[in-house]
Amino acid sequence: MDVNKLEQLGEELRSVGHKRRQIVEQIVQEVNEGDAGTSKDLYMELTNVSDQAIEIIDRQKQLIEDEMQKM
């Protein structure tokens with residue numbers, strides 16, 4: 001199994017997760033301040049970052065599945 005690749009994907013996922021958390025915090029702040037426009041823009045950014053996280057998870061899953069099939 002390519003442990004280095006899995007570790008790299010894990011780091012990418014942690015980074016994207018951190019970014020997601022920051023965006024969510026910003027959304028909450030903007031909603032509390034009543035700034036709907038900024039909140040909507042941040043939500044779109046959150047959607048994009050979430051899609052990145054899903055893609056990374058799918059790549060991790062595929063790497064593991066490929067290794068399992070070799071067994």
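The following questions and answers go through a predicted model of one chain.

Colleague: What should I know about the model before reading any values?
Modeller: This is a predicted model, in which local features need pLDDT of at least 70 and side-chain atom pairs count only at pLDDT 80 or more, while totals for chains, interfaces and linings use all residues. Residues are numbered from 1 along each chain as its sequence is written, and side-chain values use heavy atoms, with hydrogens and water left out.

Colleague: How many helices and strands does the secondary structure of the chain come to?
Modeller: Helices (H or I, at least four residues) and strands (E, at least two) are DSSP runs, numbered from the N terminus. Counted in this way, the secondary structure comes to two helices and zero strands.

Colleague: Why is the chain said to be more spread out than a compact globule?
Modeller: The radius of gyration is taken over C-alpha atoms, and the globule rule is 2.2 Å times the number of residues to the power 0.38. For 71 residues the rule gives 11 Å, and the chain is more spread out than a compact globule because its radius of gyration is well over that, at 16 Å.

Colleague: What span does helix 1 reach from its first C-alpha to its last?
Modeller: The expected span of a helix is 1.5 Å times one less than its number of residues. Helix 1 covers residues 3–33, which makes 31 residues, and its span is close to the 45 Å expected, reaching 45 Å.

Colleague: Which residues of helix 1 are buried?
Modeller: Buried means under 20% relative accessible area, exposed over 50%, and partly exposed in between, with a 1.4 Å probe and protein chains only. What covers the buried residues of helix 1 includes helix 2 (36–70). The buried residues themselves are Leu6, Leu9, Gly10, Val16, Ile23, Ile27 and Glu30.

Colleague: Which residues does Gln60 touch, not counting residues up to four places away in sequence?
Modeller: Gln60 lies in helix 2, and it counts as buried because its relative accessible area is 17%. Contact here means heavy atoms within 4.5 Å. Leaving out residues up to four places away in sequence, Gln60 touches Leu6, Leu9, Gly10 and Leu13.

Colleague: How far apart are the N and O atoms in the salt bridge of Arg14 and Glu11?
Modeller: A salt bridge is a side-chain nitrogen of Lys or Arg within 4 Å of a carboxyl oxygen of Asp or Glu. Both Arg14 and Glu11 lie in helix 1, three residues apart, which is about one turn of the helix. Arg14 is exposed at 53% relative accessibility, whereas Glu11 is partly exposed at 48%. Their side chains meet with an N to O distance of 2.5 Å.

Colleague: With which residue does Glu55 form a salt bridge at 3.0 Å?
Modeller: Glu55 is partly exposed, with a relative accessibility of 39%. The closest N and O atoms are 3.0 Å apart, and the partner of Glu55 is Arg59.

Colleague: How many salt bridges does the count come to?
Modeller: Another pair is Glu65 with Lys61, whose closest N and O atoms are 3.7 Å apart. Salt bridges that share partners join Glu12, Glu55 and Arg59 into one network. By the rule given above, the count of salt bridges comes to six.
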